[in-house]
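Please walk me through this structure in plain steps.

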Amino acid sequence: MAKKPKIGVFKLTGCAGCQMEIFRMEDEFLDLIKLFDISYWKMAKRDNDDKDLDIALIEGGISTPWEIEEIKCIRKNTKFLVAFGDCAIGGCIPSIRNWIPQMESEEIVYPDPSKICSTKVHGIGEYVKVDAELKGCPPHRKTILELLKSALLKIRPRLRQHPVCVECKFQGNACLITSNKLPCMGPVISGGCGAICPTLGRICEGCFGPMSNPNASALANIFRDIGLNDEDIKRKFRKYSGMSPEFRLEAGH
Amino acid sequence: MASYIIDKKDLKILLDKFLKEFKVYGPIKPGLDSSVDEIKSIDDLHLEYKSTIISPKKFFLPPKDTLFEFKIQKGNYEIKEIVNDEKFILFGLHPCDVNAILKLDEFFSGKFKDKYYQNRRKNSIIIALNCTQPGENSFCKSMNAGPFLYKGYDILLTDIDTKYLIEIGSDKGKKIIQGLKLNIASKNDLLKKEKKCKLANKKIKKILDPNWLPKLAEENLDHEIWIDLGERGGVAGSFPCLSCGSCSLVCPTCYCYDIYDTVDLSLKNGSRVRELDSCQLLEYGQVALGGNFRKDRKDRIRHWMFCKFGAAAGSKNSSCVGCGRCIRVCPSKIDITKVAKSLWRKK
């Protein structure tokens with residue numbers, strides 16, 4: 001059998017939830033380690049080697065100068081670099097602090113911010129070339145598997161970027177916007193989750209980030225019509241993907 | 001064929017007979033946001049419903065459908081067909097939806113016969129219900145698809161106050177009510193149906209002339225309305241299109257689908273899946289090397305509306321039946337009848 005591809009899982013500024021999602025693939029996990037050589041994954045093993053990786057899954061965004069160095073170093077050692085989850089793609093929830101002065105946010109958290117040296121939060125694509133993105137906070141197990149299987153077969157993964165509305169209609173749900181006048185982010189947010197929240201009667205919060213070619217301004221106008229004020233609307237677009245070019249205007253740039 | 005009547009309170013007898021032999025699906029909620037799902041007893045059935053969120057096309061062209069499974073063994077492929085042989089009754093479908101199924105029939109039995117569709121269709125029995133309370137978004141009358149039905153049913157029910165008029169439309173229909181003691185309908189009952197039909201027609205407020213719809217498409221390819229719909233302020237009180245695809249996914253005549261293969265982690269077993277697609281999504285028109293035939297939102301919404309006007313490749317097989325679902329479901333409040341009228345006016 002050919003040599004198993006070497007995988008590395010790295011964590012930058014994030015909550016470790018995306019890595020947990022790999023652990024949660026309980027049914028497939030044992031098969032996965034038969035197929036891949038997990039060469040670097042601090043959360044899972046003691047001895048780690050980050051040299052000559054075939055695939056690197058990067059969780060988390062960039063928020064310190066050291067992380068900039070680290071991601072550039074990983075890039076050099078990796079054939080195929082994956083932005084694994086929303087933080088690595090565009091900063092996600094940690095990027096909410098980009099809208100207040102650095103000093104202010106540091107003073108809220110640290111008693112003595114004089115030692116803190118952090119930057120605005122960005123996705124890894126700000127600094128290095130990214131080969132694939134796995135959307136989601138965290139990404140769905142199915143999309144992780146799809147990417148890994150495609151890597152083995154050397155084919156293009158089928159990672160759709162259609163809106164949550166598509167999956168919501170597949171479920172047969174009534175539209176929360178038109179039927180209940182609720183500010184659901186579904187029409188601009190990438191699917192992949194199976195529309196879990198709307199199926200339970202809750203609005204989409206936007207955790208998979210922007211779909212392909214979203215019309216964010218139209219949805220902001222619809223929210224205004226439902227009765228949201230400008231501040232509410234900004235907060236909704238900032239929450240998971242305020243740094244994305246697709247949502248920048250609505251997030252208040 | 002003969003017509004019969006049944007008291008509304010006796011509908012249970014009819015349904016119970018069907019339940020013994022078939023799986024029965026019908027409207028399970030009142031109102032506009034109903035859905036056609038499995039009926040286990042008369043209490044589940046809400047024939048007073050106005051519309052369903054998803055159209056009954058889901059029974060013939062499911063959103064996700066596994067077509068076959070494959071296995072690779074010693075270099076050879078082994079294929080296992082997935083055949084669905086369940087016989088079922090669709091109870092209480094409105095005329096617009098039955099007319100839409102007739103359009104799908106045409107499409108899926110053309111030059112290329114789709115056996116997955118045809119198999120399900122063969123196993124289905126349609127019990128239609130004439131629409132006496134059309135919703136505010138209905139314009140079936142203009143599209144010659146309602147509110148009353150004249151073809152395509154196995155059995156047709158009409159609410160005539162305390163009774164239902166039962167009309168038989170096919171041998172299948174005749175067979176399934178055999179053995180039931182039903183009274184023959186009187187002339188008076190048939191007259192009542194006529195009256196109900198006139199009343200229902202009057203309730204429909206949205207009117208279009210279907211004859212000029214394909215022409216509208218031909219003459220307005222570069223109309224500025226499409227830019228308004230795609231990017232600017234919308235048309236006739238709507239917001240701009242979100243390209244969320246909801247309109248086409250709920251549409252009873254939108255049949256476009258995508259086909260792909262999935263494999264398991266052994267990389268040796270897999271299945272071929274058919275999934276409902278939508279022309280409103282960016283990926284729909286995407287081809288190799290990143291080309292895209294409909295990159296702009298305005299092109300996508302224009303394409304969908306022209307398709308519904310009967311001016312796209314699907315012609316009459318994918319044209320509108322006036323059920324009004326897309327108007328109800330659109331978060332941007334885009335109303336295809338208002339867009340058509342705006343095009344007509346601004347010509």
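Helix 2 (residues 95-108) of chain B and helix 3 (residues 115-122) of chain B have axes that come within 10 Å and cross at roughly 140°. Helices here are DSSP runs of H or I with at least four residues, strands are runs of E with at least two, and both are numbered from the N terminus. An axis is a line fitted to C-alpha atoms, for helices over the stretch in contact, and angles run from 0 to 180 degrees between N-to-C directions. The angle makes helix 2 of chain B oblique to helix 3 of chain B. Under 35 degrees counts as roughly parallel, over 145 as roughly antiparallel, 65 to 115 as roughly perpendicular, and the rest as oblique.

The crossing of these two helices is left-handed. That word applies if the near helix is turned anticlockwise from the far one by less than a right angle; clockwise gives right-handed. Which residues meet? Helix 2 of chain B brings B:Ile101, B:Leu102, B:Leu104, B:Asp105 and B:Phe108, and helix 3 of chain B brings B:Tyr117, B:Gln118 and B:Arg121. Contact means heavy atoms within 4.5 Å. By class, this contact between helix 2 and helix 3 of chain B has 5 nonpolar, 1 polar and 2 charged residues. Ala, Val, Leu, Ile, Met, Phe, Trp, Tyr, Cys and Pro count as nonpolar, Asp, Glu, Lys and Arg as charged, and the others, Gly among them, as polar.

Now move to chain A. Helix 10 (residues 216-226) of chain A and helix 11 (residues 230-241) of chain A also have axes within 10 Å, crossing at roughly 140°. These helices are therefore oblique to each other. Their crossing is right-handed. Among the residues in contact are A:Leu219 and A:Phe223 of helix 10 and A:Ile233 and A:Phe237 of helix 11. The contact of helix 10 with helix 11 of chain A has 6 nonpolar, no polar and 3 charged residues.

Next, see how the chains meet. Chain B gives 35 residues to the contact, and chain A gives 35 residues. The area buried between them is about 3000 Å², with 64% from carbon and sulfur atoms. Buried area is the accessible area (1.4 Å probe) that two parts lose on being put together, summed over both. B:Leu242, B:Leu265 and B:Glu283 supply 22% of the area that chain B buries against chain A, more than any other three residues.

Charged pairs come next. A salt bridge is a side-chain nitrogen of Lys or Arg within 4 Å of a carboxyl oxygen of Asp or Glu. The interface of chain B and chain A has 4 salt bridges. B:Asp277 pairs with A:Arg160 in a salt bridge, with the closest N and O atoms 3.7 Å apart. Over all chains, the count is 40. A:Arg141 and A:Glu21 form a salt bridge too, at 3.3 Å from N to O. A:Arg141 lies in helix 6 (residues 141-153) of chain A and A:Glu21 in helix 1 (residues 17-23) of chain A, so the pair ties together parts 120 residues apart in sequence.

Finally, look at the backbone. Most residues other than glycine have a negative phi, and most peptide bonds are trans. The bond joining A:Cys137 and A:Pro138 is cis, with omega about 0°. B:Ser315 is not a glycine, yet has a positive phi of about 45°.

Residues are numbered from 1 along each chain as its sequence is written, and chains are lettered from A and ligands numbered from 1 in the order in which they are written. In this predicted model local features need pLDDT of at least 70, side-chain atom pairs count only at pLDDT 80 or more, and totals for chains, interfaces and linings use all residues, while side-chain values use heavy atoms, with hydrogens and water left out.
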